[in-house]
Amino acid sequence: MKKWTRRAFIGTGVLASGTLVLGIAIRPGNRASKVAGLIASAEETVMNIWLKIAPDNTITAIIPHAEMGQGIHTALAMMLADEMEADWEKVKIQEAPAEKEYANYSVAKGFIAGNAHFPKFLEETIDGVFLTAVKSLNFQITGGSASVRFTGQDAMRIAGASAKEMLLQAAANSWNVPVEELIAEKSTISHPKSNRTASFGDLAPQAAKVSTPSNPKLKTQEEFKLMGTSQPRIDIPAKVTGEAKFGIDVQVPGMKYATLKTAPVFGSKVKSVDTTIPSNSAGIHKIINLGDAVAVIADGYWQTKIALDTLPISFESTAEDKLNQEEILANYRKAMEEDLANGNLELHHKRGDTELSLQEAKVLLEAEYQLPFLAHATMEPMNCTAWVQEGKCEIWCGSQNPLGAKATVAEILDLDLDQVIIHNQLLGGGFGRRSETDVIKQAVLIAKEVDFPVKLIWSREEDLQHDVYREATISRLKAGLDESGLPVAYSHQFIFKHHPPEAADIPYAVPNQLIQYSSPKSHVPWGNWRSVDHSTHGFVTESFIDEMAHSAKQDPLLYRKNLIKDKSRLLAVLDLAQEKSNWGSALPANWGRGIAIGESFGSVVAEVAEVEVTLEGKVKVHRVICVADPGFAINPDGFKAQMESGIIYGLAAAMTGEITIENGAVAQGNFHNYPVTRMHEAPKIETYIINSGNPPGGAGEPSTPLIAPAVTNAIFAAVGIRIRQLPITKTDLRISIRQTS
């Protein structure tokens with residue numbers, strides 16, 4: 001059996017979307033006593049690992065997820081406070097420490113078990129198995145659009161409801177009255193018959209001694225008071241005033257700065273560098289050869305940068321030194337062709353007899369799609385501050401997996417976990433990039449060479465050229481249509497399958513399907529990029545279904561509806577998108593509308609883009625109508641913000657995003673040649689939410705995969721050019737304008 005790794009754990013486990021059985025927030029066992037010293041002062045009462053109560057009646061929700069702009073600290077606190085009947089004005093948040101007790105077993109269980117229901121007598125055992133597993137993996141991840149649908153549903157709501165029942169029981173014991181006669185409201189317990197009232201803060205010490213109910217009664221949606229309402233985000237005021245602390249804001253007394261230059265070609269090593277500090281280099285403290293990079297420590301960042309740029313460094317040659325983008329893609333195509341010819345394709349999905357159906361189809365469509373490598377380009381540059389002292393190490397960073405980072409540091413320095421302290425900060429953008437620990441590892445290796453704290457800051461160039469990238473991919477598709485234009489066969493051959501494993505699935509009723517993939521070698525490091533495989537398959541499959549519709553001379557939206565007519569949830573989303581976009585109404589010349597729909601991370605989303613192709617061949621996206629069914633939106637304004645964020649992020653990738661390889665290394669260096677969408681380029685976005693009552697879905701990622709096909713389908717509708725290669729700027733649209741003008 002292969003070694004069980006965090007990535008494999010997620011990758012093999014993302015089997016289903018949706019939520020979990022309820023009732024395991026505080027199982028296995030009430031771990032409150034284990035974490036009290038980590039999260040509470042002497043005056044505060046820890047009710048369970050997810051909340052504490054202060055004597056002044058303040059409730060603090062302990063949030064086991066990083067805040068990287070997605071508003072999760074607010075949404076999860078709302079779920080806890082609503083079930084608890086807490087006064088929202090008295091609720092605060094505290095990010096959970098990087099400790100094994102806060103390993104995300106509910107997230108891991110959610111990815112693996114999906115909507116599975118277990119017998120009650122097995123729940124605690126199963127939860128214990130997952131907790132043991134995630135503890136051993138040091139799994140405290142924020143990602144996969146999992147926070148609300150798993151941690152929120154399976155931990156925060158249960159924790160709040162359980163604490164409420166404990167407080168009610170404490171009041172009943174104290175006043176010697178039936179618990180059924182008590183009312184919990186606004187952080188107080190009252191007994192109307194005797195006109196007695198006590199605050200949560202007063203009752204908390206007694207309540208903490210009450211047996212913890214592991215399956216407390218949860219509210220129905222009709223009983224929600226906070227959930228489903230738009231609440232201002234807790235993290236925003238400090239970000240507006242500048243008081244909020246991100247990793248790059250950290251200041252530690254005596255701290256110096258470091259930056260580095262990594263071997264340009266992935267896998268290369270430093271061949272030679274003189275680490276002697278020049279006599280005229282005031283403020284330079286040390287030059288360090290890290291093996292695959294050279295770091296300079298100085299009093300200030302700019303000094304490190306200047307010194308590094310003038311430092312003669314040579315790197316070893318590798319087999320990829322002369323490898324260019326087109327050769328990489330040619331190698332991918334060769335691998336696909338060889339796997340097809342030799343029967344070595346790996347199977348993703350098979351239904352019916354696709355080959356025979358393709359041969360017998362009335363119309364055969366074939367297309368090849370190509371997507372580029374993409375970097376994450378987080379707004380906050382990658383950074384980490386490390387202080388290695390005798391017998392311990394402190395880390396200040398913004399991490400999507402602080403417990404994993406802690407374990408990494410402990411391993412590097414041969415320390416016990418409790419000798420490493422992680423001070424996790426707000427993240428200036430994550431998108432999967434900050435689930436990696438490469439920068440943290442480097443900061444530790446640098447800091448252990450000196451006796452003061454060091455803040456390592458990557459330049460933007462270093463970030464773009466040594467990211468972990470979304471793969472460049474190629475997809476080859478075939479579809480067989482019958483006399484009415486409907487598909488009877490669908491074949492999709494692609495390269496690289498990561499996760500979620502269902503990403504290449506299509507929602508459409510096609511009786512014969514064959515979906516296969518190849519896994520060619522690549523020296524370009526891969527990493528989780530927002531929505532992961534959905535970001536590539538969303539473009540490919542929603543573009544190709546559009547091709548089928550146009551080949552059949554049918555309206556693309558109505559064509560989709562015909563193929564999902566037995567899927568009421570998707571149909572409802574398409575219906576509302578049709579209505580809100582005024583689909584079918586007239587547009588100016590060289591304007592078009594494009595539709596795309598998809599289900600990912602438990603949410604169903606459709607997007608309609610209204611696009612203009614100018615006489616100069618420029619694409620202007622004027623308006624995007626987004627209809628989303630997340631099951632239930634906990635904080636609707638926050639959910640809309642996530643839809644908008646995902647659309648803008650995906651739009652940047654669709655329009656201009658491209659990392660290319662020249663001589664084995666990344667060619668792009670900064671935003672001048674890796675542009676992102678500017679404010680003046682952003683379209684008007686309208687988001688409509690359908691609370692369908694399905695299990696809660698994710699928000700951070702489901703809108704990203706659909707904007708590229710919505711825009712390219714709109715371009716086709718506008719000027720008749722089918723874009724099968726991203727970014728869009730690679731296609732010269734001026735020809736089509738001249739033809740149609």
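Trainee: Why is Asn 195 called exposed?
Mentor: This is a predicted model, and the call rests on computed area. Asn 195 has 68% relative accessibility. Exposed means over 50%. Asn 195 is therefore exposed.

Trainee: Where does Asn 195 sit?
Mentor: Asn 195 is in the loop between strand E6 (188-191) and strand E7 (196-199). Its phi is near 60°. That is a positive value in a residue other than glycine.

Trainee: Phe 601 also has a positive phi. Is Phe 601 buried or exposed?
Mentor: Buried. Its relative accessibility is 4%. The phi of Phe 601 is about 55°, and the residue is not a glycine. Phe 601 lies in the loop between strand E22 (591-600) and strand E23 (603-613).

Trainee: What makes Ile 62 a buried residue?
Mentor: Its relative accessible area is 0%. Buried means under 20%, so Ile 62 qualifies. Ile 62 belongs to strand E3 (residues 59-63).

Trainee: What does Ile 62 touch, leaving out residues up to four places away in sequence?
Mentor: Ile 39, Ile 49, Trp 50, Leu 51, Lys 52, Gln 94, Ala 96, Tyr 102 and Met 156. Take Trp 50 as one of them. Ile 62 and Trp 50 are 12 residues apart in sequence. Their C-alpha atoms are 4.7 Å apart in space.

Trainee: How do you know that the length of H19 agrees with a helix span?
Mentor: Start with its 16 residues. The expected span is 1.5 Å times one less than that number.

Trainee: Why is H19 described as mostly covered?
Mentor: Count the buried residues of H19: 14 of 16. Each is under 20% relative accessible area. H19 is followed by Gly 720, with a positive phi near 75°.

Trainee: What does H19 give to the largest nonpolar core?
Mentor: That core has 73 residues. Those with the most contacts inside it are Phe 544, Met 548, Val 619, Val 711, Ile 715 and Ile 728. H19 gives the most to this core, with nine residues.

Trainee: Which residues does Val 619 contact, leaving aside its neighbours within four places in sequence?
Mentor: Val 611, Glu 612, Met 655, Val 711, Ile 715, Ile 728 and Leu 733. Each pair has heavy atoms within 4.5 Å.

Trainee: How many residues does the second, separate core have?
Mentor: It has 54 residues. Among them are Val 35, Val 46, Ile 49 and Leu 76.

Trainee: What makes a space in this model a cavity?
Mentor: A 1.4 Å probe fits in it but cannot get out. The structure holds four such spaces of 30 Å³ or more. About 120 Å³ lies in the largest cavity.

Trainee: Which residues lie nearest the centre of the largest cavity?
Mentor: Glu 471, Thr 473, Phe 496, Asp 533 and Thr 536. They belong to a lining of 16 residues. Strand E19 (473-481), strand E20 (487-495) and helix H15 (533-551) each supply at least two. H15 gives the most, with four residues. By class, the lining has eight nonpolar, five polar and three charged residues.

Trainee: What lines the second largest cavity?
Mentor: Its volume is about 100 Å³. There are 14 lining residues. Closest to the centre are Arg 470, Ser 535, Gly 650, Ala 653 and Ala 708. H15, helix H18 (636-655) and helix H19 (704-719) give two or more residues each. The lining divides into 10 nonpolar, three polar and one charged residues.

Trainee: How do you know that the bond between His 499 and Pro 500 is cis?
Mentor: Look at omega: about 0° for that peptide bond. Pro 500 lies in the loop between E20 and strand E21 (512-518). Leu 726 and Pro 727 are also joined by a cis peptide bond, with omega about 5°. Pro 727 is in the loop between H19 and helix H20 (734-740).

Key: Residues are numbered from 1 along each chain as its sequence is written. This is a predicted model: local features need pLDDT of at least 70, side-chain atom pairs count only at pLDDT 80 or more; totals for chains, interfaces and linings use all residues. Side-chain values use heavy atoms; hydrogens and water are left out. On a 1 Å grid over the protein atoms alone, a cavity is a set of points where a 1.4 Å probe fits but cannot get out, and a pocket is an open set with protein on both sides within 12 Å along at least five of seven lines; lining residues have an atom within 4 Å of a point. Grid points are joined across faces, edges and corners, and a volume is the space filled by probe spheres set on the points. Ala, Val, Leu, Ile, Met, Phe, Trp, Tyr, Cys and Pro count as nonpolar, Asp, Glu, Lys and Arg as charged, and the others, Gly among them, as polar. A nonpolar core is a set of buried Ala, Val, Leu, Ile, Met, Phe, Trp, Tyr and Cys residues joined through side-chain atoms within 4.5 Å. Buried means under 20% relative accessible area, exposed over 50%, partly exposed in between (1.4 Å probe, protein chains only).
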